[in-house]
Structure formats: C-alpha cells, structure tokens
Amino acid sequence: MSYLLLIVEPVGQRAERTPEQGREAYGAMLRYAESLNERGLLQRAESLKSDAEGVRLRVRDGERSVIDGPFAEAKEMIGGFFLLDCDTREEALALAAECPAAAWATVEVRELGPCFL
C-alpha cells in the first residue's frame, strides 16, 4: 500500500532559521530519505518551496480565479512529502515518527486511494 507523509509546517518557520539551521534540517531530511530508500520503502520524496511562491486556482461556474501566494489566511503550508510503500498503517505511522520534521512540524499520514470512496 502507498502512504503519503505530508510535512505540514507553520508558515514562516523556514525564514526564522539561520542558514546553518536550515542546512542542518535539510541534511536530516536527506538522511531520513536515504534511510527509507535503503530499506526499499521510498517511492518518491520532494521538498516544496514556500507558499509565497505558490498559486491557488479554482474554477467556479466556468470562471477561473488565480490567487498568488503568500496566502494570508494560511497558518500552515505543505513543505514537502515522502511517498512510501508500506504494508500497514501502523508501519507508516512508525516511519512518520522517525521523520526529523516531526520535531518541528506535523507529519500527516495519508493512504493513497480513489477519491470516490
């Protein structure tokens, strides 16, 4: 089964880090991804840029609207993800607990599946 670990960060948290702290955090995440890969569990992992560089799009009644970031109402942003191949939800939760970002962000665990169920 595929599980997605979403790294949910407070908006602005990255900007509060010193460059050294940022490199340390990024290095810890790279080592975590490498560990998952070595165990044959990692399908994909990516870091996402700040929501300030994001765009939100919606279409209502055929009308498209685009909102450029940053998003004032947002208190959190998705900072990245790990797509894993796990046997159980409990395994995915255990792997999420190993994630260094769990110390400074929230790791949301979601099983992939069809949206119509």
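1. Valine 55 lies in strand β3 of this predicted model. Together with Leu57, Val59 and Val66, Val55 forms a nonpolar patch on the surface. The accessible area of these four residues together is about 350 Å². Strand β3, which covers residues 55–60, gives the most to the nonpolar patch, namely three residues.

2. The loop that lies between β3 and β4 contains aspartate 61. The phi angle of aspartate 61 is near 50°, a positive value in a residue other than glycine. Most residues other than glycine have a negative phi. Aspartate 61 has a relative accessible area of 81% and is therefore classed as exposed, since that term applies to values over 50%.

3. The loop between β4 (63–68) and β5 holds proline 70. The peptide bond that joins glycine 69 to proline 70 is cis, with omega at about 0°. In general, most peptide bonds are trans. The student may wish to locate this bond in the structure above.

4. The overall fold should be read next. The secondary structure consists of three helices and six strands. Starting from the N terminus, the order of the elements is β-α-α-β-β-β-β-α-β. The C-alpha trace spans about 45 × 45 × 20 Å along its principal axes. The protein has 117 residues, of which 30% count as buried.

5. Which elements give two or more residues to the lining of the largest pocket? The pocket itself holds about 410 Å³ of space, and the elements in question are β1 (2–10), α2 (19–38), β2 (42–47) and β5 (76–85). Helix α2 gives the most, with six residues.

6. The lining of the largest pocket comprises 19 residues. Nearest the centre of the pocket lie Arg14, Tyr26, Met29, Ser47 and Gly79. Sorted by class, the lining has eleven nonpolar residues, four polar residues and four charged residues.

7. Leucine 4 belongs to strand β1.

8. Along the chain, leucine 4 and alanine 92 are 88 residues apart, whereas their C-alpha atoms are separated by 8.5 Å.

Terms used: Residues numbered from 1 in each chain as written. Predicted model: local features only at pLDDT ≥ 70, side-chain atom pairs only at ≥ 80, totals over all residues. Heavy atoms only, no water. Patch = residues over 30% accessible without salt bridge, like charges linked within 9 Å, V, L, I, M, F, W, Y side chains within 5 Å. Areas by Shrake-Rupley, 256 points an atom, 1.4 Å probe, with all protein chains shown as cover. Salt bridge = Lys/Arg side-chain N within 4 Å of Asp/Glu carboxyl O. Helix = DSSP H or I, 4+ residues; strand = E, 2+ residues; numbered from the N terminus. 1 Å grid on protein atoms, 1.4 Å probe; cavity = no way out; pocket = protein on both sides within 12 Å on 5 of 7 lines; lining within 4 Å. Points joined across faces, edges and corners; volume = space filled by probe spheres on them. Nonpolar A, V, L, I, M, F, W, Y, C, P; charged D, E, K, R; others polar. Buried < 20%, exposed > 50% of the residue type's maximum accessible area, 1.4 Å probe, protein only.
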